[in-house]
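Keep the viewer open and follow the stops below in order. Each one says what to select and what is found there.

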Amino acid sequence: SVAAKGQGTATLLGVRAGQEDWLLDLSDSGEIIQLPPLTPVPLTRPGFAGIANIRGNLYAVTDFSALRSGEATAHNANARLLLIGVKYGSNAALLVSRMLGLKNPADFTEEAPDPKAPAWATRCFRDGTRKLWRKLSVRELLTDEKFMNIGV
């Protein structure tokens with residue numbers, strides 16, 4: 001059966017970006033890799049971290065914390081790239097501070113949406129400890145003109 005294979009419930013991936021904790025559908029997270037060297041690109045908006053060459057393919061890397069007006073993500077052993085665009089035909093990647101592991105949707109309670117957040121970040125949840133998690137809609141993010149336009 002589908003449930004016996006663990007596919008009956010959607011699995012969420014938890015990540016930290018700066019001071020914020022985020023959830024995204026595991027199916028939307030794409031491949032997760034250690035941070036490779038990034039090539040800076042001049043005249044790009046704050047938050048655009050550079051270009052990464054991953055197995056011969058170039059990815060546009062956005063620092064997710066900086067995109068959210070947080071501090072720049074440290075390029076250290078905890079940092080990870082989420083290759084979020086591949087499923088949607090885009091070479092977009094998100095730089096996050098650290099992975100927080102797989103999460104069960106049943107462990108979260110949905111809160112009222114955040115009306116001030118962009119369309120890709122309106123959904124909010126609380127876990128059993130009442131900690132706030134935001135839900136990233138990858139599809140919405142990849143259609144956000146501010147996200148996709150890297151020029152200043």
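## Charged pairs, then rings

Select E20 and R68: their side chains meet in a salt bridge, with N to O at 3.0 Å. A salt bridge here is a side-chain nitrogen of Lys or Arg within 4 Å of a carboxyl oxygen of Asp or Glu. E20 sits in strand β2 (residues 20-25) and R68 in the loop between α2 (64-67) and β6 (80-83), so the contact ties together parts 48 residues apart in sequence. Helices (H or I, at least four residues) and strands (E, at least two) are DSSP runs, numbered from the N terminus.

This is a predicted model, in which local features need pLDDT of at least 70 and side-chain atom pairs count only at pLDDT 80 or more, while totals for chains, interfaces and linings use all residues. Residues are numbered from 1 along each chain as its sequence is written, and side-chain values use heavy atoms, with hydrogens and water left out.

Colour E20 by accessibility: at 22% relative accessibility, E20 is partly exposed. The classes are buried (under 20% relative accessible area), exposed (over 50%) and partly exposed in between, with a 1.4 Å probe and protein chains only.

Next, select K87 and D28, whose side chains form a salt bridge of 3.0 Å, N to O. K87 is in the loop between β6 and β7 (92-96) and D28 in helix α1 (residues 26-29); the pair links distant parts of the chain, 59 residues apart. D28 is buried, at 10% relative accessible area.

Move to E110 and R123, a salt bridge with its closest N and O atoms 2.9 Å apart. E110 belongs to strand β9 (residues 109-110) and R123 to the loop between β9 and β10 (124-126), so parts 13 residues apart in sequence are tied together. Both partners are partly exposed: E110 has a relative accessible area of 41%, and R123 one of 37%.

Now select E20, R68, D114 and R134 together; salt bridges that share partners join them into one network. The structure holds 11 salt bridges.

For the rings, the count comes to four aromatic pairs. Show F64 and W120, a tilted pair with 5.9 Å centre to centre and 45 degrees between the planes. F64 lies in helix α2 and W120 in the loop between β9 and β10, 56 residues apart. Rings of Phe, Tyr and Trp (its six-membered ring) pair if their centres lie within 6.5 Å; planes under 30 degrees apart count as stacked, over 60 as edge-to-face and the rest as tilted.

Are these two rings, F64 and W120, buried or exposed? F64 is buried at 1% relative accessibility, and W120 is buried at 5%.
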